[in-house]
Number of protein chains: 4
Amino acid sequence: MMNDSSPLAVGVLGATGYTGRELLKKLSRHSRVRIAFATSESEAGAPLRRLVRNAPDLALQKAETAPLGEAAVVFSCLPHGDSSRWVERVLAAGTAAIDLSADLRVQGPETPEWAREAVYGLPELHREKIRSARLIANPGCYPTAAILSIAPLARRGLLADAPVIINAASGVTGAGRTPKRELLFAEVAEDFRAYGVGNTHRHLAEMVDQVGKVSTGAVPELIFTPHLLPVRQGILETIHITLRKPLSREEATAIYREDYGNEPFVEVLAEGTPTLTSVVGTNYVSIAAVPVERVSTPMLQVIAAEDNLIKGAIGQAIQNLNIMQGWPETEGLL
Amino acid sequence: MMNDSSPLAVGVLGATGYTGRELLKKLSRHSRVRIAFATSESEAGAPLRRLVRNAPDLALQKAETAPLGEAAVVFSCLPHGDSSRWVERVLAAGTAAIDLSADLRVQGPETPEWAREAVYGLPELHREKIRSARLIANPGCYPTAAILSIAPLARRGLLADAPVIINAASGVTGAGRTPKRELLFAEVAEDFRAYGVGNTHRHLAEMVDQVGKVSTGAVPELIFTPHLLPVRQGILETIHITLRKPLSREEATAIYREDYGNEPFVEVLAEGTPTLTSVVGTNYVSIAAVPVERVSTPMLQVIAAEDNLIKGAIGQAIQNLNIMQGWPETEGLL
Amino acid sequence: MMNDSSPLAVGVLGATGYTGRELLKKLSRHSRVRIAFATSESEAGAPLRRLVRNAPDLALQKAETAPLGEAAVVFSCLPHGDSSRWVERVLAAGTAAIDLSADLRVQGPETPEWAREAVYGLPELHREKIRSARLIANPGCYPTAAILSIAPLARRGLLADAPVIINAASGVTGAGRTPKRELLFAEVAEDFRAYGVGNTHRHLAEMVDQVGKVSTGAVPELIFTPHLLPVRQGILETIHITLRKPLSREEATAIYREDYGNEPFVEVLAEGTPTLTSVVGTNYVSIAAVPVERVSTPMLQVIAAEDNLIKGAIGQAIQNLNIMQGWPETEGLL
Amino acid sequence: MMNDSSPLAVGVLGATGYTGRELLKKLSRHSRVRIAFATSESEAGAPLRRLVRNAPDLALQKAETAPLGEAAVVFSCLPHGDSSRWVERVLAAGTAAIDLSADLRVQGPETPEWAREAVYGLPELHREKIRSARLIANPGCYPTAAILSIAPLARRGLLADAPVIINAASGVTGAGRTPKRELLFAEVAEDFRAYGVGNTHRHLAEMVDQVGKVSTGAVPELIFTPHLLPVRQGILETIHITLRKPLSREEATAIYREDYGNEPFVEVLAEGTPTLTSVVGTNYVSIAAVPVERVSTPMLQVIAAEDNLIKGAIGQAIQNLNIMQGWPETEGLL
C-alpha cells in the first residue's frame with residue numbers, strides 16, 4: 001500500500017483520548033504517513049500498540065520530550081485551553097499543525113499574532129486556503145454538520161429574518177474520556193438530556209462566525225441546543241430554517257447538490273433522512289432537506305448526521321492533511 | 001391496603017402490548033380496583049401471572065368473550081383503528097371506557113354520534129369534565145408533554161406569531177411490541193433517527209386541537225418532529241416558543257407554577273432541566289422553561305420529560321379513573 | 001396505608017450511592033417506617049427530595065452529625081472498609097444496624113468482639129436468627145443468588161466432588177457511583193468483560209462460607225467469575241453443578257420448591273429460565289434448574305436472576321428489617 | 001491498491017442480512033476482488049449502494065437469476081437449511097463455494113456425495129486443506145472461539161476427564177435480521193438471558209467434532225451455554241478446563257503462543273483478558289488462559305473474544321478466500 005516516495009512523518013499530541021486513539025488508528029492505516037511520535041501525559045512509556053493493534057512499534061512519550069521538529073505535521077488532540085500553547089511550539093519548530101481543539105477556531109481581537117494564520121479546516125468551505133495552510137483550526141463536531149447544513153441557503157440569501165434552530169444530539173465520546181459521574185454508564189444508559197440550554201453552548205460562536213462569513217444578506221441568528229445520547233458515537237442535527245421563499249424537496253436537494261455534488265464526503269439525500277448508524281464509522285456528512293408542511297411560513301427541516309469522532313474530528317483532520325499535501329482527498333478515509 | 005368498600009371491577013382490552021402489561025401491573029397494585037378480565041387475541045388462555053407476577057389468578061381471554069358489562073370501567077389498549085369499535089361495544093354494555101388509542105382524541109365531522117361525549121383525558125386541562133365522563137379519550141404520549149408545555153403561555157396570549165417548534169425523542173416502547181425490522185435491537189442500538197419529518201406525524205392534530213382550545217389570541221402553528229431513542233422508556237421534548245414579550249426564568253417558572261402548582265403530577269423546575277431518567281417509572285411530567293440568549297426576539301426553550309408508558313399512557317389513564325371515581329388522584333400512582 | 005402504631009424511625013448512612021438512593025425510595029414508600037436521617041459526605045445540606053421525589057422534607061447531613069441513637073434501626077450503605085466502624089458506633093448508640101457492606105459477612109479470627117453477634121441476613125437460610133438480631137450483615141449481590149442456587153443441593157448431600165462453577169454477569173450499578181474511567185458509558189456500552197478472573201473475586205469467601213454451613217458431606221469448592229454487563233441493573237448467574245446422581249428437571253424443581261415453596265421472594269421455574277428483565281425492579285430471585293444433556297456425569301445447570309440493587313442489596317435489607325420487627329415480610333417490597 | 005492482475009470475480013448469495021452486508025463492505029474494499037453479483041429475495045432490484053456506500057454500481061438480484069458460473073468464488077450467506085442446495089448449484093456451475101451456513105460443517109452418514117469434499121474453514125487448524133479446497137464450510141461464530149481455545153490443550157493431551165464448560169455471550173447480530181419479538185430493542189436492552197440451556201444448542205456438534213479431531217487421548221465432553229447480550233456485535237467465551245497437570249499463566253501462554261504465534265489473527269494475551277470491544281470491528285480472536293486459584297484440581301480459565309460477524313463469519317470467509325487464492329492472508333482484513 002506504500003507509494004514510491006517515503007512516507008510523511010507525523011506526530012500526535014494527546015493520543016489517549018477518544019479522538020487521539022481514533023486518529024492513531026486511521027494514521028496507522030494511511031499509506032502515505034508514518035507516525036513519528038505520539039504523546040500522553042498519563043500513559044507515557046506504554047506502547048502505542050496497547051492503544052491500537054497495528055500501530056508502529058513506538059512508546060507513548062510526554063509532550064515535553066516529543067521531537068516536534070522531526071514531524072512534517074503535528075496533530076493536536078489536547079484539551080481546549082491546553083492545545084494552543086503546544087500548537088505555538090509546533091509552529092516554532094518549523095512544523096505544520098492541525099489543531100483539533102476549539103482554541104483557534106474563532107479569531108478575535110485577543111487572538112495572538114502567531115495564530116492569525118490559522119485556517120478554519122472545513123474543506124467544503126475553505127479548501128483553497130487549506131491547500132497552502134501551515135496551521136489548521138480543525139472544526140468542532142457540532143459546527144461541522146450545522147455549518148454544512150446552513151451554508152448553501154445562507155450563501156444564496158435564502159434565509160428569512162428568523163432564528164435558525166439547531167437541535168443536536170451526540171454520542172458520549174464527544175464528551176471525552178476523563179471520568180465524570182454524569183458520564184458513567186449507569187447515568188447515561190436509558191437517559192437523554194439537553195445541555196447548554198438557553199443557547200449558551202460554547203460551540204455557538206464557531207457556527208455563527210462561519211455561517212456569517214458565507215451569508216449574503218443579513219447574518220442569521222442561531223439557536224443551538226445539544227443533547228447527550230446513550231450511544232458511543234455519532235451526531236444527528238435537526239435544523240429548522242425559515243426561508244424567504246418556499247423550496248420543494250427537489251429544489252432544496254438541487255441546491256445542496258450544486259454545492260456538494262463533487263464533495264467526496266458530503267452526501268445529499270433525495271429521499272429518506274440520515275440516521276446515526278448510516279454514517280458512524282465513516283467520514284461522511286449525510287444531509288436531507290425537507291420542506292415543513294402545515295405552516296404558513298416557508299420553512300425547511302434539514303437533518304444532518306455525521307460521526308463526531310471522524311468527520312467531526314479526526315477524519316476531517318486527515319482530510320485536511322491530504323489537501324495540504326496535495327494527496328487524494330480520500331486517502332486513508334474510505 | 002383495601003379500603004372498606006368492595007373494589008371496583010375493571011377490564012383491560014389488549015393486555016399483552018407494552019401499555020397493556022404496564023397497566024396490569026399498576027392495576028394489580030391499586031387498592032381500590034380488581035381486574036375482572038384482560039384480553040389478548042394472540043395469548044388467550046395464558047395466565048395473567050405470566051405477564052405480571054402479582055396479577056390476579058385469571059387467564060387472558062379473547063375480546064369477543066370478555067364480559068364487558070361486568071366491569072364498571074374498561075381500559076382499551078387496542079391498536080388505533082381497532083380500538084374505537086370495541087369502545088363502542090363497551091359503552092353499549094353500560095360500562096364506562098378509557099380509550100388509550102388515538103381514535104377519539106380529535107373530534108371532527110366524521111366523529112360518530114356515540115363518540116361525541118368523549119372527554120380528552122388530560123386532567124390538568126379538563127379535570128372537571130373528566131369527573132363526570134363516561135368515555136375518556138386518553139391523550140397521546142407526545143401530546144401530553146407538548147400541550148402541558150405550551151398551554152400556560154397560550155392561555156395567557158403570550159405566543160408571538162411564529163411556529164412553535166417541538167423536537168421530541170421517545171424510547172422504543174412507544175412504537176409497540178409488534179416485531180418490525182426497524183425496531184430490532186441491532187437496528188436501534190447506537191442509532192438515533194427522526195421520523196414524521198416535514199411535520200407529517202399523526203400526533204400533530206391532537207396537539208393543535210388542544211393548544212387551540214386554550215389559546216387566547218391567534219392559535220399558534222406547531223411543528224412537531226419525533227425521534228427514536230435507543231432507550232426503552234421515556235420522552236424528552238425540547239420546545240422553542242417565540243414570545244410577545246421577554247420572560248426571565250423566574251417569570252416563566254412563576255407562570256407555570258401558577259397553573260400547575262397544585263397538580264399532583266406536574267413538576268416545574270426553577271433550576272436545571274429534566275432528563276429521561278428523572279421521570280421514567282413515574283407519572284410525572286417535569287418541565288423547565290428557560291429564556292433563549294443571544295437572539296433579538298424574545299423566546300423560551302421549554303424542556304419537558306415524562307414516561308411515555310405512564311404519564312404518556314397508562315398512568316394518566318389511572319389518574320383519569322381516580323378522578324372519575326372521586327378517589328384520591330394519586331391512588332396507585334406513587 | 002398507615003397502620004395504627006407510630007412508624008419506626010430509621011436512618012441511612014451513605015444515601016447518595018446507587019444503593020443508598022434506591023433504599024431511600026423504598027423506605028419512603030414503606031408504610032411502617034419514617035426516615036429520621038440520611039447522610040452523605042459529598043452532598044450534605046442537599047434536600048433528600050433532590051434524590052427521591054417523595055422523600056420526607058429533610059436535608060442530607062454528614063455522618064458525624066447524625067443522631068444515631070434516635071433511630072431504631074440504621075442501614076449502612078457506606079463503602080466496604082468504612083462501614084464497619086460506623087456500624088460499631090450505631091450499636092454503641094443502642095441502635096440496631098443493617099450493614100450492606102461486605103465488612104461483617106464472613107466471621108474470622110480477626111472479627112472484633114462487638115461484631116461477633118452479626119447475623120448473615122439471608123432470610124431463606126437464617127430467618128430465625130434474623131428475627132432476634134440486633135446486627136445484620138446483609139448479603140452480597142452475587143452471593144445471594146449463588147447461595148440460594150446451591151444450598152438445596154448441598155443441604156441434601158447431592159453435590160459430587162467437583163468444583164461448582166459459577167459464571168455471573170451484573171449490571172454496572174453493582175460497581176458503585178464513584179467516577180472511574182472503566183465505568184464510563186463509552187467504555188461499557190457494546191462491551192462485555194470478565195473480572196476477578198482466576199477465581200480471585202472477594203465475594204468468593206462469602207459464598208464458600210455460607211454453602212459450607214448448609215452442606216452435608218464434603219464442602220464443595222466454588223469457582224466464581226463475574227462479568228460486567230452493559231445494563232444498569234440485574235444479575236444473571238449460570239451455575240454448573242456436578243451431582244452424585246442424576247436429577248430430572250421435575251425432580252430438581254421439586255427439591256428447590258421444597259425449600260423455597262413458602263418463600264415470598266424466591267421463584268422456582270418449572271419451565272423456561274429467568275432473564276434479567278424478569279426480575280429487575282423486584283425483590284425476587286428467580287431460579288431454574290435444568291439437567292445437562294450429552295455428558296456422562298450427572299450435572300445440573302442452575303440459572304438464577306435477581307436485581308442486584310434490590311434482592312441483592314436494599315430489598316433484602318428491608319426484608320430483614322420486616323423480619324426483625326415482626327412485620328409482614330413483603331411490606332414495602334411488592 | 002490494485003495489483004497488476006485483473007480482480008477475481010466473486011458472488012454473494014443472501015446479501016441483505018447482517019453477515020451479507022458486512023461481507024459486501026469488506027469485499028468492496030478488498031483490492032483483489034470485484035463483486036460480480038449479490039442476491040436478495042426480498043430486496044431484489046435495489047442498488048447495492050443502498051446497503052454499502054462504496055459498493056460497485058450493481059443491483060441486487062434474485063438468486064435464481066444470479067450468473068453463478070461467472071464468479072470464481074461464491075459466498076453463501078443464506079440461512080441454514082436453504083444454503084446447501086444453493087452451494088450444490090454453485091459447485092455444479094464449476095465455481096468454488098464458501099458456505100457460511102451450518103449446513104456442511106459436520107459431516108455424517110447423511111452428508112450427500114457432492115458435499116464430502118467440504119473443508120472446515122478454520123485456517124488455524126486446516127490451512128493446508130483450505131489452500132486446495134473448492135468447497136469451504138465456514139465455521140460458526142461460537143465454535144471458532146471455542147475450538148481455538150481448547151485445541152492447544154486437547155492436541156497435547158492435557159485435558160483431564162471432566163467436561164469442558166463453555167459459557168458464551170453474543171451480540172444480537174448473531175441472531176439474524178428477521179424480525180422476531182424477542183429480538184426487539186425493548187426486549188433485549190437492559191436484559192441478559194441464556195438460551196440452548198441444558199447443553200442443547202445446535203453449535204455443540206461442530207465444536208465436539210473439531211475438538212475431537214485434534215485431541216490426543218480421550219475426546220473431551222463439552223457443555224456449551226450461549227447467552228444473548230444487549231450489544232450489537234461480539235462474542236465473549238469464558239471456558240473452564242480441567243487439566244491433567246497444573247499450568248501457570250506463563251506456561252499456558254507459551255503453549256498457546258507455540259500454536260498461534262505465527263497466526264495473523266490470533267492474539268494470545270500474557271496479561272489481562274480480552275473484552276468485546278478489544279476485538280469488535282476486527283478479524284482477531286483474542287485469548288487469555290489463566291489458572292484457577294482456590295481449587296484442588298488443576299484448572300484453566302480461558303477467556304476468548306472475537307467479532308461474531310468478522311472472525312466468526314465473514315472475515316474468516318475472506319481469510320479462507322485469501323488462502324485459497326494464495327494471496328496474503330490479511331488482504332482486506334486489516
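**Terms and values**

Mentor: In chain D, strand E3(D), helix H3 (residues 83–92) and strand E4(D) make a right-handed β-α-β unit. This is a predicted model: local features need pLDDT of at least 70, side-chain atom pairs count only at pLDDT 80 or more, and totals for chains, interfaces and linings use all residues. Residues are numbered from 1 along each chain as its sequence is written, and chains are lettered from A and ligands numbered from 1 in the order in which they are written.

Trainee: Why is the crossover called right-handed?
Mentor: With the strands pointing away from the viewer, the path from the first strand over the helix to the second must run clockwise. The unit of E3(D), H3(D) and E4(D) is right-handed. Helices (H or I, at least four residues) and strands (E, at least two) are DSSP runs, numbered from the N terminus.

Trainee: What makes E3(D) and E4(D) a pair?
Mentor: Pairing takes at least two DSSP bridges between two strands. E3(D) and E4(D) have four, in the parallel sense. Phe75(D) stands opposite Ile98(D) there. Four bridges also join E1(D) to E3(D), again parallel, with Val10(D) opposite Val73(D).

Trainee: Which way do the residues of E3(D) point, and are they buried or exposed?
Mentor: Val73(D) and Phe75(D) point one way, Val74(D) and Ser76(D) the other. In a regular strand the side chains alternate between the two faces of the sheet. All four residues are buried. Buried means 20 or more other C-beta atoms within 10 Å of a residue's own; exposed means 12 or fewer; partly exposed lies in between; C-beta atoms are placed from the backbone.

Trainee: How do you know how chains A and B are related?
Mentor: Superpose the copies by least squares on C-alpha atoms of residues with pLDDT of at least 70 in both. A rotation of 180° with 0.0 Å of shift along its axis puts chain B on chain A, at RMSD 0.0 Å. That is the relation of a two-fold axis. In chain B, the C-alpha nearest the axis belongs to Pro230(B), 3.5 Å away.
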